[in-house]
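User: Please take me through this model by question and answer, with the cut-off behind each term stated where the term is used.

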Amino acid sequence: MVDLQVIILAAGEGTRMKSDTAKVLHKVAGKEMILHVLDAVKNITNNKPCIVVGHNADDVCNKINDDVCFVKQEEQLGTGHAVLSAIDYIKDEGNVLILYGDTPLITEETINLLLKYHDDNKLDVTVATMILDNPFGYGRIIKEDNKFKKIVEQKDTTEEENLIKEVNTGIYCFNASALKLSLSKLNNNNNQNEYYLTDTLEILLNNNYKIGTMLSYCCNDFYGINSREQLAHAEKLMRNKINKKLMDSGVTLIDPEHTYIDQEVQIGKDTIIYPNVIIEGKTVIGKGCVLRSNTRISNCIIKDYVNIDNSVLLDSKIDEKTNIGPFAYIRPNSDIGKNTKIGDFVEVKNTKIGNNTKVAHLSYLGDSELGENINIGCGTVTVNYDGKNKFKTIIKDNSFIGCNSNLVAPVTIEENSYIAAGSTITENVEKNALAIARARQINKLNWHKK
Ligand code: UD1
Ligand code: CA
């Protein structure tokens with residue numbers, strides 16, 4: 001295998017996006033475009049990819065945690081100029097793979113096909129091409145006698161060229177020395193006054209280098225994003241791909257067109273997902289779960305046979321056979337046990353809840369630790385905040401908290417204890433005790449007459 005270097009172009013402003021954010025930082029299926037491109041190249045070479053940054057360079061660099069090197073293109077004078085900015089990175093030997101940061105659907109398999117085609121056919125440059133019914137916006141592949149001649153950009157096409165449907169995907173493999181030579185000969189005599197990388201192919205052809213086009217049928221892999229409309233389409237393409245993979249692995253999606261799952265999410269078989277469910281980040285969901293409509297789950301671990309209805313769950317863990325919702329809000333750092341119930345209008349934050357505990361309705365549990373087999377009555381509130389600091393509530397196994405109780409933290413309710421409904425508990429409650437902390441009822445007779 002020849003030495004392979006990778007250059008990813010990500011310096012452009014993305015004018016057509018009309019955004020303050022760099023184009024390559026717009027997200028597709030929950031992840032920045034440039035990070036999708038990096039995923040596709042991470043296993044194909046041991047050389048660090050070189051990313052050409054320019055517009056919003058700091059933001060782009062800050063988003064990338066992989067081991068890469070950055071080159072700054074001070075002025076964005078075109079894709080050829082962008083590669084020229086990285087010339088010091090390009091060795092004299094081996095091959096250079098060039099990709100654009102705005103094609104997030106590209107895959108490792110497709111790149112490998114291009115590299116193989118390049119090697120098998122002993123080419124100096126190989127460009128991946130595709131045929132589109134609507135080629136508008138892409139550079140056209142101009143051929144004569146079925147041999148590559150040049151690439152013409154949309155803005156430079158003649159009427160006749162405009163009809164050509166074979167287009168440049170923007171993914172190339174160059175012989176390194178040929179690339180260097182052609183970059184030195186580029187000019188900007190075109191309608192955009194840019195130094196086009198695409199012109200290097202014609203230059204090399206005229207210098208007797210071997211240029212090849214690899215027609216690919218995985219058109220979606222090369223989908224380029226220049227506008228918000230294309231961003232939305234790419235989102236759809238990627239979500240379809242993710243959803244298909246999940247369905248193939250045994251997950252039921254009632255309506256895959258309206259199910260929004262990020263790429264890194266893992267879901268076990270026989271889990272059923274209703275429409276309008278959003279599952280984000282690195283969430284892992286077990287088997288046999290049912291996730292009903294309007295649920296959003298972000299970075300959670302959900303074990304097997306959990307039911308969730310109309311709820312929001314963030315950065316938390318839910319153990320098996322637990323029921324959540326409808327209308328529950330599980331905030332970060334919560335850890336909920338097996339066979340528990342978190343019912344309607346319950347908010348849980350930074351709280352650990354033991355197995356078989358029930359919080360059926362209208363409660364707030366914050367900064368708390370609950371044991372097993374506890375019943376939390378309707379309207380229970382852990383009073384965890386005094387305006388300055390947060391305090392902890394501990395409720396031990398088999399306790400029964402009556403409805404509408406306030407548990408003023410820091411406070412501990414020991415095992416097997418009872419809290420009378422309507423109590424405001426400010427002191428610890430001993431094991432096996434009943435605490436009543438409310439005014440005694442007085443009935444004033446004949447009040448109506450007065
Ligand atoms: C480019 C190709 C076109 C191809 C299409 C595929 C050229 C001249 N045209 O057109 O043939 O069909 O991609 O999607 O290459 N960039 C820089 N510095 C610059 C200019 C651009 O880094 O000075 C980066 C952009 O951030 C982007 C990529 O290069 O990631 C492509 O630039 P863009 O302006 O989107 O090119 P297209 O018009 O889409
Ligand atoms: Ca583009």
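User: Which residue in β30 is the bridge partner of Lys341?

Analyst: This is a predicted model, in which local features need pLDDT of at least 70 and side-chain atom pairs count only at pLDDT 80 or more, while totals for chains, interfaces and linings use all residues. Residues are numbered from 1 along each chain as its sequence is written, chains are lettered from A and ligands numbered from 1 in the order in which they are written, and side-chain values use heavy atoms, with hydrogens and water left out. Strands β27 (residues 341-344) and β30 (residues 358-361) run parallel and are joined by three bridges, where two strands pair if DSSP finds at least two bridges between them, and strands (E, at least two residues) and helices (H or I, at least four) are DSSP runs numbered from the N terminus. The partner of Lys341 in β30 is Lys358.

User: Which residue of β33 is the bridge partner of Val359?

Analyst: Strand β30 also pairs with strand β33 (residues 375-376), in the parallel sense and over two bridges. Within β33, the residue bridged to Val359 is Ile376.

User: Which are the edge strands of the open sheet of nine strands?

Analyst: The order of the sheet is β14-β17-β20-β23-β26-β29-β32-β35-β38, with parallel pairing. An edge strand pairs on one side only, and this holds for β14 (266-267) and β38 (411-413).

User: How are α6 and α7 oriented to each other?

Analyst: With axes fitted as lines to C-alpha atoms, for helices over the stretch in contact, and angles running from 0 to 180 degrees between N-to-C directions, those of α6 and α7 come within 9 Å and cross at roughly 105 degrees. Angles of 65 to 115 degrees count as roughly perpendicular, under 35 as roughly parallel, over 145 as roughly antiparallel and the rest as oblique. The two helices α6 and α7 are therefore roughly perpendicular.

User: Where is Pro326 found?

Analyst: Pro326 is joined to Gly325 by a cis peptide bond, with omega about 0 degrees. Its place is the loop between β24 (323-324) and β25 (329-330).
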